[in-house]
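Welcome, and thanks for taking a look at this model.

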Amino acid sequence: MQLSKMLWWILLSTILLFAACDDDDDEELLGNWVEMGAFEGIPRTDAVVFVIGDYAYLGTGYNGEEDERLRDFWRYDAASDSWQEVASLPSEAPARNGAVAFSANGKGYVGTGYDGDNKLKDFWEFDPAQGDNGQWTQIADFPGTARYSSIGFGINNQGYVGTGYDGNRLKDFYRYDALSGDWTQITSIGGSKRRDAAVFVLEGKAYVFTGVDNSTYVTDAWMYDPESDSWTEKREITSNTNDDESYDDDYSLVGSNIVTFTMDGCGYLTTGGAGYAGNSTWEYNPITDFWEEKTNFEGSSRSDALGFTINDIPYVATGNSSAYYFDDVWTFRPDEEQNDND
């Protein structure tokens, strides 16, 4: 009787130990992706987006199916989950992909990129208050070299553009004052040159991650403070280069053509990848300078998508995977459990 009882406890302990390990290995990530109504324009990749007030404006890009670059723009109304075509870039503005965009002082700005033959440095301002569909006006050219695959962001009434590719991978940065119309070169980002990087803005500071330099995915990360015109290096984005036991062995965000959005004081990276179309999603806490993995993007894996936030609600749209070009739109709820049926 005593032996049987002992064997029973051994068996129960083994089952509980196995169950605990199994639960740890299969621990589900938090976050729920919900599909919205489709983008009404042509499916595309490598486009741009900027947000003004309650609306996002999406345009340009490359449509591989018809092998053409685009200049059309569409306004997204998140409240009604609907799209409306607005003024396209003027005919004198080359259709393009790989451009940058930012918003400042109630207007949107688009420039640089690639038209299929030439790298570009022209810049255009969109005023949504002019006419029924807005109006584009050319502003001073970007003062750096003509380029594509750069990053752009807006803080207060100023826009910032830097890095990219002009035949050489780059690390220079420039500031555009939307009130005066002047461009000024500012301090270059530290560390690696890079193209196809990712950037988001939190509390008036810009955070730059990922990208490619010399055929290598960069691991250094930087924060820009416009008040002091200075860059501060942040924790690297892979466990392979950090001697820190608090890193998980799988902690690695390296890649390119990754998109970003912000929500509730946190930044997010998703899709893109290291030489492939990806779907991983990571949440950044600027206070701890750590990343937490979230539920994978539930649409098709992709690169060169777009991420944006309207009234603290994030969206991911468009992009491509090989010869497939997308027009789907998704929102993300980081604190919900994944639900495949929504």
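Four of the five residues in strand 3 (residues 55-59) are buried, leaving the strand mostly covered. Here strands are DSSP runs of E with at least two residues, numbered from the N terminus, and buried means under 20% relative accessible area, with exposed over 50% and partly exposed in between (1.4 Å probe, protein chains only). This is a predicted model, in which local features need pLDDT of at least 70 and side-chain atom pairs count only at pLDDT 80 or more, while totals for chains, interfaces and linings use all residues. Residues are numbered from 1 along each chain as its sequence is written, and side-chain values use heavy atoms, with hydrogens and water left out.

Strand 3 runs antiparallel to strand 2 (residues 48-52), and five bridges join them; two strands pair if DSSP finds at least two bridges between them. Ile52 stands opposite Tyr55 of strand 3. The hairpin of these strands has two residues between them, and in it Gly53 takes a positive phi near 60 degrees. Strand 3 also pairs with strand 6 (residues 73-77), again in the antiparallel sense over five bridges, and there Leu58 stands opposite Trp74 of strand 6.

Most residues other than glycine have a negative phi. Thr60 sits in the loop between strand 3 and strand 4 (62-63), and it counts as buried because its relative accessibility is 0%.

Thr112 has a positive phi too, near 55 degrees. Thr112 belongs to strand 9 (residues 107-114), and its relative accessibility of 0% means that it counts as buried.

Ile151 stands opposite Gly162 of strand 13.

Another open sheet of four strands has the order 22-23-24-25 and antiparallel pairing. Its edge strands are strand 22 and strand 25, each of which pairs on one side only. Neighbouring strands of this sheet are turned by 25 degrees against each other on average, direction ignored.

Strand 24 (residues 281-285) and strand 25 run antiparallel and are joined by five bridges. Which residue of strand 25 is the bridge partner of Tyr284? That partner is Trp291, which lies in strand 25 (residues 290-294). Trp291 is buried, with a relative accessible area of 7%. Cys266 is 25 residues from Trp291 in sequence, and their C-alpha atoms are 9.8 Å apart in space.

## The largest pocket

The largest pocket has a volume of about 1,200 Å³. A pocket is an open set of points on a 1 Å grid over the protein atoms alone, where a 1.4 Å probe fits, with protein on both sides within 12 Å along at least five of seven lines; lining residues have an atom within 4 Å of a point. Its volume is the space filled by probe spheres set on the points.

Of the 49 residues lining this pocket, Val49, Gly152, Val199, Thr260 and Gly307 are the closest to its centre. At least two lining residues come from each of strand 2, strand 8 (100-104), strand 12 (151-155), strand 16 (198-202), strand 22 (259-263) and strand 26 (306-310). The lining has 26 nonpolar, 16 polar and seven charged residues. Here Ala, Val, Leu, Ile, Met, Phe, Trp, Tyr, Cys and Pro count as nonpolar, Asp, Glu, Lys and Arg as charged, and the others, Gly among them, as polar.

## Aromatic rings

The structure holds 45 aromatic pairs. Rings of Phe, Tyr and Trp (its six-membered ring) pair if their centres lie within 6.5 Å; planes under 30 degrees apart count as stacked, over 60 as edge-to-face and the rest as tilted. Tyr176 and Trp183 make a tilted pair, 5.0 Å centre to centre with 50 degrees between the planes.

Both partners are covered: Tyr176 is buried at a relative accessible area of 3%, and Trp183 is buried at 14%. Ring pairs also link Tyr176 and Trp183 with Phe102, Tyr109, Phe123, Phe142 and Tyr174 into a cluster.

How values were computed: Axes are lines fitted to C-alpha atoms, for helices over the stretch in contact, and angles run from 0 to 180 degrees between N-to-C directions.
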